[in-house]
Amino acid sequence: MAQPSTPRRIVAEVLRGETAFPPPVWLMRQAGRYLPEYRETRKKAGSFLDLCYNPDYAVEVTLQPIRRFGFDASILFSDILVVPHALGRDLRFEEGRGPLMTPMSVDDVVRLDRSRFHETLEPVYETVRRLRAVLPAETTLLGFCGAPWTIATYMIAGHGTPDQAPARLFAYRHPEAFIQLLDTIAEVSAEYLIRQLDAGADAVQIFDSWSGVLDEPSFASFCIRPVRKIVEKVREARADALVIGFPKGAGSLYDGYREATGVNGLGLDWSVPMSQAKRLQAAGAVQGNLDPMRLVAGGRALEDGVGAVLEGLGGGPLIFNLGHGITPETPVAHVEAMLRQIRAAR
Ligand code: CP3
């Protein structure tokens, strides 16, 4: 039970099923290139991975959007691909090309090396510990990982692709190796999340950015099953762990996802219709789901979009967010306008 002196962390409370209005708000990728101070630190750090693995820099960029906007949640600055990196796969980020890895073969699955996993990720745990110490007491600290399917798509193709055909083909041609790959990622990801919670994260989000490219049986095997495994393993260690699932693009397969995986909160992308979002909210917290392009455009498009989310979902447990990450071309003034509108809502 909450002690009288315990600070209220509204995002965590909404994840437990409470309603707050105006709703708490944070943005996926809130630390990023749309912020001049991020670009400045990024330049100093050198490579993107140096930013992720250096706690001084990672703490600094995590705090930048909190200082500027006072978001209700702060998300650890890192990347989902540090998990395969910590399993011994190579990883680099190239300007304008995104992540690049050596594509994985079937034989590579058994060669994944877990021996230095936590050692490699220790700077991430250190970042979480330092963040909890310096963040405002009422700010919810979020940890995260990628869902096994989304991680596997990058490991197999070696880069982003529009439809994840390489990973789908790998899965159908080599079903046993593919399941073994997902299971390995699920096991280490659960350990990774537990360490983040131990280090001070209040809740964690599991990003399944590519769950929208699978047929129904594969969605069940490649998305739901491994995410349920992660949630179960995390809850064995921390029965009260708060987890947000984000199966981006899942469409009608959003229905039943919360129940099948055990996540507390459901991250909605902007294509989820309001009628479905309301139905999903009847079972617990939802997070989302403003189209990030409305935030880029600003003006009427932004006002209408924010208004629709508040009006449709503000009466239940809602964490206001975008339907996917904020993009580099977003004007800071539009973020400020969005926050004014949300915080003035009655
Ligand atoms: O939300 C946050 O502020 C926390 C940090 C965070 C990043 N990536 C930082 C980042 C989080 C939670 C992620 C998750 C992530 N990374 C996902 C899942 C969410 C999603 O967007 O779908 C995925 C698929 C990745 C893999 C990844 N990392 C890609 C495809 C790219 C290139 C795209 C791009 O915007 O350049 C990255 C790089 C990346 N991760 C950047 C940031 C701020 C930009 C890199 C830079 O600063 O040069």
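Mentor: Buried means under 20% relative accessible area, exposed over 50% and partly exposed in between, with a 1.4 Å probe and protein chains only. This is a predicted model in which local features need pLDDT of at least 70 and side-chain atom pairs count only at pLDDT 80 or more, while totals for chains, interfaces and linings use all residues. Residues are numbered from 1 along each chain as its sequence is written, and side-chain values use heavy atoms, with hydrogens and water left out.

Trainee: Is Trp-149 buried or exposed?

Mentor: The relative accessible area of Trp-149 is 0%. Under 20% counts as buried. Trp-149 is therefore buried.

Trainee: How are the planes of Trp-149 and Phe-222 arranged?

Mentor: Rings of Phe, Tyr and Trp (its six-membered ring) pair if their centres lie within 6.5 Å; planes under 30 degrees apart are stacked, over 60 edge-to-face and the rest tilted. Here the centres are 5.9 Å apart and the planes at 20°. The pair is stacked.

Trainee: Which helices hold Trp-149 and Phe-222?

Mentor: Helices (H or I, at least four residues) and strands (E, at least two) are DSSP runs, numbered from the N terminus. The two residues are 73 apart in sequence, so the pair ties together separate parts. Trp-149 lies in α7 (residues 148–157) and Phe-222 in α10 (residues 216–237).

Trainee: Which cluster do ring pairs form?

Mentor: The structure holds 14 aromatic pairs. Ring pairs link Trp-149, Phe-170, Tyr-172, Phe-178 and Phe-222.

Trainee: Why is the pair of Tyr-38 and Phe-77 tilted?

Mentor: The ring centres of Tyr-38 and Phe-77 are 5.7 Å apart. Their planes stand at 50°, so the pair is tilted.
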